[in-house]
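Student: I would like to go through the labels used for this structure and see what each one rests on. Please set each value against its cut-off.

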Amino acid sequence: MKQDFLVLGIETSCDEAAAAVYHSSKGVLSNALFSQIDLHKKFGGVIPELASRSQLEKIGTIIHTALEQAQVTLDE
């Protein structure tokens, strides 16, 4: 018998950070995104050091939001 599973996907490339929860039989349960477009717009492009620092500040909240929206816990 096939057992269902959950996946927490985390994306932190360049100037955006996101987290999503995927259920093997139900599909995508949630998707939380933090964009830094406004932050980098004044520089005319992405500043890597600024982007990475901002992601470190936000990633915990993004993951928490995705889990909450999916109504699952990190332990699951």
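**Labels and cut-offs**

Tutor: Glu 49 has a relative accessibility of 48% and counts as partly exposed. The model is a predicted one.

Student: Why is Glu 49 called partly exposed?

Tutor: Buried means under 20% relative accessible area and exposed means over 50%, with partly exposed in between. Glu 49 is at 48%, so the label is partly exposed.

Student: What makes Arg 53 and Glu 49 a salt bridge?

Tutor: The closest N and O atoms of Arg 53 and Glu 49 are 3.1 Å apart. The rule asks for a side-chain nitrogen of Lys or Arg within 4 Å of a carboxyl oxygen of Asp or Glu, so the pair qualifies. Arg 53 is also partly exposed, because its relative accessibility is 43%.

Student: How are Arg 53 and Glu 49 placed in helix H2?

Tutor: They are four residues apart in H2, which means a separation of about one helical turn.

Student: How many salt bridges does the rule give?

Tutor: The count comes to two. Asp 38 also forms a salt bridge, with Lys 41, and the closest N and O atoms there are 3.5 Å apart. That value is within 4 Å, so this pair qualifies too. Asp 38 and Lys 41 lie three residues apart in helix H1 (residues 37-41), about one turn of the helix. Asp 38 and Lys 41 are both exposed.

Student: What makes the nonpolar surface patch, and which residues form it?

Tutor: Phe 5, Val 7, Tyr 22 and Val 28 make a patch of about 370 Å². Members need over 30% relative accessible area. Phe 5 is at 45%, so Phe 5 passes. Val 7 is at 38%, so Val 7 passes as well. Both Phe 5 and Val 7 count as partly exposed.

Student: Why are E1 and E3 called edge strands?

Tutor: The open sheet has three strands in the order E1-E2-E3, with antiparallel pairing. E1 and E3 each pair on one side only, and these are the edge strands. From one strand to the next, the twist averages 10°.

Student: What packs on the sheet, and at what angle to E3?

Tutor: Helix H2 (residues 48-70) packs there, touching E1, E2 and E3, and its direction makes about 155° with that of E3.

Methods: Residues numbered from 1 in each chain as written. Predicted model: local features only at pLDDT ≥ 70, side-chain atom pairs only at ≥ 80, totals over all residues. Heavy atoms only, no water. Patch = residues over 30% accessible without salt bridge, like charges linked within 9 Å, V, L, I, M, F, W, Y side chains within 5 Å. Areas by Shrake-Rupley, 256 points an atom, 1.4 Å probe, with all protein chains shown as cover. Buried < 20%, exposed > 50% of the residue type's maximum accessible area, 1.4 Å probe, protein only. Pairing = 2+ DSSP bridges. Helix = DSSP H or I, 4+ residues; strand = E, 2+ residues; numbered from the N terminus. Axes fitted to C-alpha atoms, helices over the stretch in contact; angles between N-to-C directions. Contact = heavy atoms within 4.5 Å.
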